[in-house]
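Biologist: Could we go through the helix packing and the nonpolar cores of this model?

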Amino acid sequence: MKILDVELGTNSYPIYIETGAISKADSLIKEHLDCKKLFIITDTNVARLYLGELKSSLEYAGYQVYYTIVEAGEHSKDIQTLPKIYKELVAATISRTDAVIALGGGVVGDLAGFVASTYLRGVKFVQIPTSLLAQVDSSVGGKVAVDLAQGKNLVGSFYHPKLVIIDPQVIQTLEDKFINDGMGEVIKYACIRDYELYSQLLNFQDKHVLKSNLEEIIYTCCNIKRMVVESDEKDMGERMILNFGHTLGHAIETVGGYKQLTHGEAVSIGMYQVTRISEKLGLTKEGTSALILDLLQKYELPYKMPEVDYDEVLKVMGIDKKNLDSNLNVILLHEIGKCFIYKTDISFFESPPVHC
């Protein structure tokens, strides 16, 4: 089993990565938490695959287990979803000595984490991510949030899990489109910090080879995020580099009503388009966007701007969390593997990115 320790003082926690790790969740949780009740938050897709097995193993270990199931999809990560879950927590008499488990992808992890951070002013929680995107990115780092109609992740907090349990085996059952979605974030890590990872991804012969290397890829991405989060827990400096492609990507998601594109797809478009802009401005080594395009096409990810109202996209970026005192912090690349924070404003994006 691979173990990464996120060192954040009193907020420190381990990340366990191993094929079959979900079957060891009961012993791993018992090692780190002293509680009697566990409340699982999952979604309709994940529930039919893993909820029964996890619930049974936890009950066998002596826990009282409760759960709630939300509809799969970004629309469930909405502030309107919260009252129902809070009521169910009260009905289960979950106390501050108990814990919430996030069993699912990025939507469930963000939602469950936000619930845990706010219910009774904070109860413990555990991340068991079941999507590639959540395993390489969103389950680590303690950013939890829900969406408003005006934008993605506008209501949130920094609230770290007590442990993260990553089982790469669950990825093997996903459809290719969900693997591709997670690859958007994997490619992000390659672009901002790891040229060797970029080369590795480019040289894989096919999806079968990719899947056989997922455990190592997940470890690499989590380790990069661990180092960045340890240096900047509250996202005021270096941690901003994890937002490469996200400023434009989040805005595209929001304007599309979270229905047109997945998060990984939107970030992919954002990475490519922002790099085209930065190349034209002489801020990025010429040809870098073409290198990004090679990976996006290899993993069947979009790069063209969708048919959305670009004025609305600009409005959403205007209220982005990275927009501080009218100064927008955009993450750009010097070249593949080397990134920097570029302080600008919304005018950086005012010439619409191309649709090709």
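This is a predicted model: local features need pLDDT of at least 70, side-chain atom pairs count only at pLDDT 80 or more; totals for chains, interfaces and linings use all residues.

Biologist: At what angle do helix α11 and helix α12 pack?

Modeller: Helix α11 (residues 263–280) and helix α12 (residues 288–298) pack at about 165°, their axes 8 Å apart. They are therefore roughly antiparallel (an angle over 145 degrees).

Biologist: Which residues of α11 make the contact?

Modeller: Ser268, Met271, Tyr272, Thr275, Arg276 and Glu279 of α11 do so (contact means heavy atoms within 4.5 Å). The contact of α11 with α12 divides into 6 nonpolar, 4 polar and 2 charged residues.

Biologist: And how are α6 and α7 oriented to each other?

Modeller: Helix α6 (residues 176–193) and helix α7 (residues 195–203) pack at about 135°, with axes 6 Å apart. The two are therefore oblique.

Biologist: Turning to the cores, how many residues has the largest nonpolar core?

Modeller: The largest nonpolar core has 97 residues, and Leu201 and Phe349 have the most contacts inside it. Such a core joins buried residues through side-chain atoms within 4.5 Å, buried meaning under 20% relative accessible area with a 1.4 Å probe.

Biologist: What does Phe349 touch?

Modeller: Not counting residues up to four places away in sequence, Phe349 touches residues including Thr247, Val274, Tyr310 and Val330.

Methods. Residues are numbered from 1 along each chain as its sequence is written. Side-chain values use heavy atoms; hydrogens and water are left out. Axes are lines fitted to C-alpha atoms, for helices over the stretch in contact, and angles run from 0 to 180 degrees between N-to-C directions. Helices (H or I, at least four residues) and strands (E, at least two) are DSSP runs, numbered from the N terminus. Angles under 35 degrees count as roughly parallel, over 145 as roughly antiparallel, 65 to 115 as roughly perpendicular and the rest as oblique. Ala, Val, Leu, Ile, Met, Phe, Trp, Tyr, Cys and Pro count as nonpolar, Asp, Glu, Lys and Arg as charged, and the others, Gly among them, as polar. Buried means under 20% relative accessible area, exposed over 50%, partly exposed in between (1.4 Å probe, protein chains only).
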